[in-house]
Amino acid sequence: MTATQTMVLPTGAPANRRRYTRTWPMTVLGIIFLAIMVFPVYWMINSSLQGNSGAATTDWFPFHPTFAGYEAAINQQLPNLVTSLIVALSTVVLTLVIATPAAYGLARFKMKGMTAFVFVLLITQMIPTIVIANALYALFNDWGLLNSYLGLILADSAAQIPFAIILMRAFMASLPQTLVEAALVDGANNFRAFLSIVVPISKNAIITAALFTFLGAWGDFLFALTLTSTPQVRPITLGIYNYLGANVSQWGPVMATAVIASIPAGLLLILAQKYIAAGALGGAIK
Amino acid sequence: MTSVDVGLEKEVAHTSRGGGRRRRRRLGDYLTRWLFVAPAIVFVLVFFGYPIVQNVVMSLQDYTTATFYTGIAPWVGFENYAKVFGNPLFVTTLVNTLLFTVGSIVFQFGIGMGLALFFKRHFPLSGFLRSLLLLPWLLPLIASAAVWKWILDQGSGALNQFLGLFGVQPVPWLVSPSLALIAVIGVNIWLGIPFNTTILYSGLQAVPEELYEAAALDGAVGWKAFWHITWPSIRSVVSVVIVLGVVLTLKVVDIILGLTGGGPANSTQTLATWAYQNSFVQFLFGQGAAISNVLIVISLLFAVVYLYINRKGADE
């Protein structure tokens with residue numbers, strides 16, 4: 001301990017400068033790693049701005065940018081974008097309405113059955129989506145929910161609710177009990193204490209859950225593929241997939257659609273970064 | 001304000017009279033507590049419980065398109081399973097699933113670990129670069145599949161353009177049965193790196209700095225410090241990342257359907273995509289369900305391991 005201190009302390013400023021000259025190469029290396037990782041995203045944007053992508057070669061940089069790809073994408077995919085937006089937003093609402101009280105209940109009331117339910121929630125994360133889709137197809141056929149917004153919203157919510165609960169529960173369990181108890185003593189019942197105290201305090205956790213629910217529902221592909229087959233209800237992910245099915249000769253519109261479908265992810269990364277990182281950790285470890 | 005008064009009155013009333021009233025109130029309390037969780041329980045029962053049971057039932061029935069019109073699905077016992085296990089494709093998909101999972105996990109974890117250790121050094125811009133790294137993870141999977149299909153295109157894809165600069169002949173990444181699985185695994189590795197890096201990085205952050213200082217005194221730096229301090233400290237995070245990675249990789253459908261559709265010649269068909277093909281392309285729901293159940297059993301085996309580790313982690 002003392003040895004390291006004596007090594008660090010007296011040298012002061014010069015050591016600092018030396019450390020920085022040693023770390024700048026690290027930054028360069030970091031940028032190279034990142035460039036490789038993010039290259040596909042760059043290529044997506046680059047190709048979307050080159051109308052003739054797919055013919056002979058695509059330039060490494062859009063020297064003559066054209067929005068023809070976006071025009072085609074909007075013409076062909078606008079209804080699908082609207083569908084995705086409706087489904088994803090509704091899924092967020094339904095998921096939060098169901099998951100927020102559940103997260104609070106599971107965090108605060110430690111009754112026997114509830115611990116078991118938390119285990120069940122963890123298990124649901126392991127169930128392959130294709131298993132759910134397989135059985136839901138038959139169920140939705142009986143209920144008349146195939147090819148409907150409601151069907152997709154229900155299926156997407158089902159997929160997102162366990163994760164949202166796990167995420168918010170971890171936060172709510174860390175709230176001081178005394179806050180809620182004070183309200184209860186003042187005569188508020190459990191529901192009122194939940195709405196007027198727990199929800200406002202848990203704002204960040206709820207936003208994180210909402211963001212991940214939105215991304216999950218927006219990016220859903222398998223439920224869209226299996227539970228819808230008509231153009232009336234077709235999310236953007238299925239629009240992209242339908243491009244890929246045939247032999248693609250024009251990549252411009254496909255990449256433009258992919259860029260548009262990626263806008264929510266990009267926006268969230270810029271505007272809501274701290275929530276994203278928190279969610280990534282919460283989901284994996286808690 | 002008035003409602004608070006009413007609440008107080010109630011409180012006073014029940015403390016003075018006590019007895020049955022208090023018990024009723026306690027029962028009411030008990031029920032309201034469950035009301036918080038009840039909608040979620042119903043949702044999980046309908047959308048996870050029912051499908052799992054229904055899948056088992058379907059796998060024992062001759063369940064086809066006709067069933068949706070007539071409602072008749074004759075019982076066939078284990079015939080679906082016999083057909084699935086007897087199909088030469090079963091071995092193919094099982095091997096593909098194994099290769100896909102092991103290949104993805106080994107490299108996702110290895111590269112993720114490397115990057116996590118790299119970013120731990122806090123150089124200028126490290127925080128910014130680390131958050132940008134999350135971008136591939138947030139994109140819709142099918143959008144990633146689309147751009148990779150384009151990059152890996154044999155005729156004019158970016159990868160072959162790049163390799164062409166070094167005189168390499170165009171490689172049929174997604175068209176050749178011997179290369180397609182490797183290409184698909186590569187894309188899945190790319191997808192998994194951000195997640196692995198983020199979780200492992202947070203695990204590294206939790207290792208107390210004093211441990212390294214103390215070890216440095218004993219001459220343990222670099223690899224030695226990694227083996228004797230870092231690795232033992234993050235072992236539980238490592239197991240969670242790997243088990244979770246396996247379970248999530250077994251589920252992958254989007255990427256494979258988007259890139260190759262399971263082809264060419266079933267060379268990228270996994271249990272998950274094969275279940276999809278049976279149910280939703282050939283409308284053999286019975287056999288699709290049988291394959292799904294095989295997949296569930298494999299996933300649950302890992303889920304048990306995961307819960308065991310998680311529990312042990314919580315106890316510590």
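1. Contacts along chain A. In this predicted model, 76% of the contacts in chain A with a separation of 6 or more are between residues 24 or more positions apart. Of the 286 residues in chain A, 47% are buried.

2. Secondary structure of chain A. The chain has 13 helices and zero strands. Its pattern along the sequence is accordingly written α-α-α-α-α-α-α-α-α-α-α-α-α.

3. Extent of the interface. Chain A and chain B touch through 86 residues of chain A and 83 residues of chain B. On the chain B side, helix 2 (residues 20-59) gives the most, with 17 residues. That side of chain B divides by class into 60 nonpolar, 16 polar and seven charged residues.

4. Helix 12 of chain A (residues 251-271) packs with helix 8 of chain B (residues 141-151) at an angle of about 150°, and their axes are 9 Å apart. Because angles over 145 degrees count as roughly antiparallel, helix 12 of chain A is described as roughly antiparallel to helix 8 of chain B. The crossing of helix 12 of chain A with helix 8 of chain B is left-handed.

5. Residues in that pair. Helix 12 of chain A makes the contact with A:Trp251, A:Val254, A:Met255, A:Ala258, A:Ala261 and A:Ser262. From helix 8 of chain B come B:Ala143, B:Ala146, B:Val147 and B:Trp150.

Technical notes
Residues are numbered from 1 along each chain as its sequence is written. Chains are lettered from A and ligands numbered from 1 in the order in which they are written. This is a predicted model: local features need pLDDT of at least 70, side-chain atom pairs count only at pLDDT 80 or more; totals for chains, interfaces and linings use all residues. Axes are lines fitted to C-alpha atoms, for helices over the stretch in contact, and angles run from 0 to 180 degrees between N-to-C directions. Helices (H or I, at least four residues) and strands (E, at least two) are DSSP runs, numbered from the N terminus. Angles under 35 degrees count as roughly parallel, over 145 as roughly antiparallel, 65 to 115 as roughly perpendicular and the rest as oblique. A crossing is left-handed if the near helix is turned anticlockwise from the far one by less than a right angle, and right-handed if clockwise. Two residues are in contact if their C-beta atoms, placed from the backbone, lie within 7 Å. Ala, Val, Leu, Ile, Met, Phe, Trp, Tyr, Cys and Pro count as nonpolar, Asp, Glu, Lys and Arg as charged, and the others, Gly among them, as polar. A residue is buried if 20 or more other C-beta atoms lie within 10 Å of its own, exposed if 12 or fewer, and partly exposed in between; C-beta atoms are placed from the backbone.
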